[in-house]
Amino acid sequence: MGGMMGAPVPVRIATTEDSTIDVVYRAIGTVAAYNTVTVRARVDGELQQILFEDGQKVQKGDVLARIDPRPYQIRLDQALGQQRQNQAQLENAQRDLQRYQLLFKQNSIAKQQVDAQAALVQQYLGSQKSDQAAVDDARLQLSFTEI
């Protein structure tokens, strides 16, 4: 054993002062935030706006980004148009059914015509449910353009 083992350690005296000490570590690696969130859009499209800054604290319900809503608005408009068209056909078929029922009571038409018209009304009622589902889905997809 050689060297400085057992040798006295030199001590120096200095006055105290308040100051900051910069501590810099130089290393190769990756820095990761303590809390992170991965945000995925539920619809595809062009990202139009980002409404936050890096490091900004956000609250539940804050809109973070907007995807171009135009294609989804068009789909909603198409679904609403189809719904209106089918609603008009349903109303017309219901009026015809009332007429046919009246004519049947007067023995002016066959029961088969009344039954066919009643079936047509039921078909349009089914379309009405499908149309409402399409409108609801289009509205939902449109709402997903705001993240």
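**Ground rules.** I number residues from 1 along each chain as its sequence is written. The model is predicted, so I take local features only at pLDDT of at least 70 and side-chain atom pairs only at pLDDT 80 or more, while totals for chains, interfaces and linings use all residues, and side-chain values use heavy atoms, with hydrogens and water left out.

**Entry 1, largest pocket.** I searched for pockets on a 1 Å grid over the protein atoms alone; a pocket is an open set of points where a 1.4 Å probe fits, with protein on both sides within 12 Å along at least five of seven lines. Grid points are joined across faces, edges and corners, and the volume is the space filled by probe spheres set on the points. The largest pocket comes to about 300 Å³. Lining residues have an atom within 4 Å of a point. Among those of the largest pocket I noted Ala33, Asn35, Phe52, Asp54, Gln56 and Leu64. I then sorted the lining by class: Ala, Val, Leu, Ile, Met, Phe, Trp, Tyr, Cys and Pro are nonpolar, Asp, Glu, Lys and Arg are charged, and the others, Gly among them, are polar. The lining of the largest pocket has six nonpolar, four polar and two charged residues.

I read off a volume of about 160 Å³ for the second largest pocket. Its lining is Val39, Arg40, Ala41, Leu47, Ile50, Phe52, Leu64, Ala65, Ile67 and Ile147. Strand S1 (47–50) and strand S2 (65–67) are the elements that give two or more residues to the lining of this second pocket. Helices (H or I, at least four residues) and strands (E, at least two) are DSSP runs, numbered from the N terminus.

I placed Glu53, part of the lining of the largest pocket, in the loop between S1 and S2. Is Glu53 buried or exposed? I call it exposed because its relative accessible area is 58%. The classes are buried under 20%, exposed over 50% and partly exposed in between (1.4 Å probe, protein chains only).

I define a core as buried Ala, Val, Leu, Ile, Met, Phe, Trp, Tyr and Cys residues joined through side-chain atoms within 4.5 Å. The largest has ten residues, including Val43, Ile67, Tyr72, Val135 and Phe144. Helix H1 (70–105) and helix H2 (111–143) each supply at least two of the core residues. H1 gives the largest share, four residues. Val135 sits in H2. At 1% relative accessibility, Val135 is buried. Its C-alpha is 27 Å from that of Leu97, 38 residues apart along the chain.

I looked for aromatic pairs, meaning Phe, Tyr and Trp rings (six-membered ring for Trp) with centres within 6.5 Å. The count is zero. I did find Lys111 over the face of Phe104, at 5.7 Å from the ring centre. The rule wants NZ of Lys or CZ of Arg within 6 Å of the centre and within 35 degrees of the ring normal.

Asn107 lies in the loop between H1 and H2. I noted a positive phi of about 60° for Asn107, which is not a glycine. Asn107 is exposed at 70% relative accessibility. Met5 is in the segment before S1. I find Met5 exposed too, at 67%.

Technical notes
Rings of Phe, Tyr and Trp (its six-membered ring) pair if their centres lie within 6.5 Å; planes under 30 degrees apart count as stacked, over 60 as edge-to-face and the rest as tilted.
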